[in-house]
Amino acid sequence: MVLMVSEEVREAIAEGRPVVALESTIIAHGLPRPRNLRVALELEAAVRQEGAVPATIAVLDGRPRVGLDKEQVERVAGEDGIRKLGHRDLPLAVAAGTSGATTVSATARLAALAGIRVFATGGLGGVHREWTVTQDESADLGLLARTRITVVCAGVKSILDVPATLQRLETLGVAVAGYGTDRFPGFYLSDSGHPVDWRLDTPAQVAEVMRAQDALGGDESALIVANPVPEAEQLDPELHARVLDEALRACGAEGVTGQAVTPFLLDHLVRHTDGASLAANLAAVRGNVRLAARVAAAWAVGE
Ligand code: PSU
Ligand code: MN
């Protein structure tokens, strides 16, 4: 089998203990160095503190790995030119012996293959603004429509067209619930300005939905648990609106396209908010990782 699952993660899965998958694109391409390495290790520690086993996922030298040791995390965080891999890139990277960080789509695919049900990230990819011109929609959405996994996130990245993304999720049949809120979170912001139809308030309730998904059968689709960044830690909405506007204009002016768009916009926001966007991003991810660990624990109880 081409998939390499670390011993710790393999044992936890076999014994039905809680495991949380973590993506690596946020480490390699979503956060500035060298802070990214500290964050990656801190997120793993937070999962452990909540009593679950972290499984950071990446591809190293053509081998998809579920559960990284410290040296492997260091490679993902520090290796120059490490690629960004969506799920469609996985077979190509494996055959070429390439190393790469995995996006939500690639991480969800590998996590599901390893038998992991709960996954934490920052914000999902989605439909980009100006979709009518660029047709840029993250592969995250399509993959989540056919993968049985629970993703804890702070909504979709606010650099996207949020209502269009919510509409796509509806069309694709992906379940979405706000966690402790009736509003869809806005990644850096606690509220994207759009409502959600369903609300869950405890990890046990999330686990109950997961069990109902399995009982009902049908599509192997995901459950998105949209967990807002606490209001006290969100990015100032006015600053957000102004800088995002500038970032989108710079992206267009510099002709950035494809996979490069998301990292470009995130980086622009960090540099032009004096780090405030980074603080909000980290607060969101931390909250998601902790909630995911508690969901994994609630899920493990009934397994
Ligand atoms: N959320 C973050 N930072 C990130 C991403 C999400 O806080 O860097 C990454 C995720 O890996 C997501 C990817 O899957 O961006 C989406 O990229 P694209 O729009 O190219 O599909
Ligand atoms: Mn894209």
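Q: Where does D136 lie?
A: D136 sits in the loop between α7 (131-134) and α8. Keep in mind that this is a predicted model.

Q: Buried, exposed or partly exposed?
A: D136 is partly exposed, because 19 other C-beta atoms lie within 10 Å, and buried would take 20 or more.

Q: What is D136 in contact with, leaving aside neighbours within four places in sequence?
A: H128, W131 and V261.

Q: OK, ligand 1. Which residues come nearest?
A: G30, V104, G122, G125 and S138, out of 19 residues around the ligand.

Q: Which helix gives the largest share of that shell?
A: α2, with four residues. Helices supplying at least two each include α8 (139-144) and α12 (261-272).

Q: And which domains does the shell draw on?
A: Domain 1 (1-116) and domain 2 (125-303) each give at least three residues.

Q: Switching to backbone. Which peptide bond is cis?
A: The one from R33 to P34, with omega near 0 degrees. P34 is in the loop between α2 and α3 (35-49).

Q: What about phi at Q135?
A: Positive, about 55 degrees, and Q135 is not a glycine. Q135 is in the loop between α7 and α8. Q135 is exposed, with 9 other C-beta atoms within 10 Å.

Q: And D274?
A: Its phi is near 60 degrees, also positive in a non-glycine residue. D274 lies in the loop between α12 and α13 (276-302). With 11 other C-beta atoms within 10 Å, D274 is exposed.

Definitions and conventions. Residues numbered from 1 in each chain as written. Chains lettered and ligands numbered in written order. Predicted model: local features only at pLDDT ≥ 70, side-chain atom pairs only at ≥ 80, totals over all residues. Near = placed C-beta within 6 Å. Domains from an automatic or database assignment. Buried ≥ 20, exposed ≤ 12 C-beta atoms within 10 Å, placed from the backbone. Contact = placed C-beta atoms within 7 Å.
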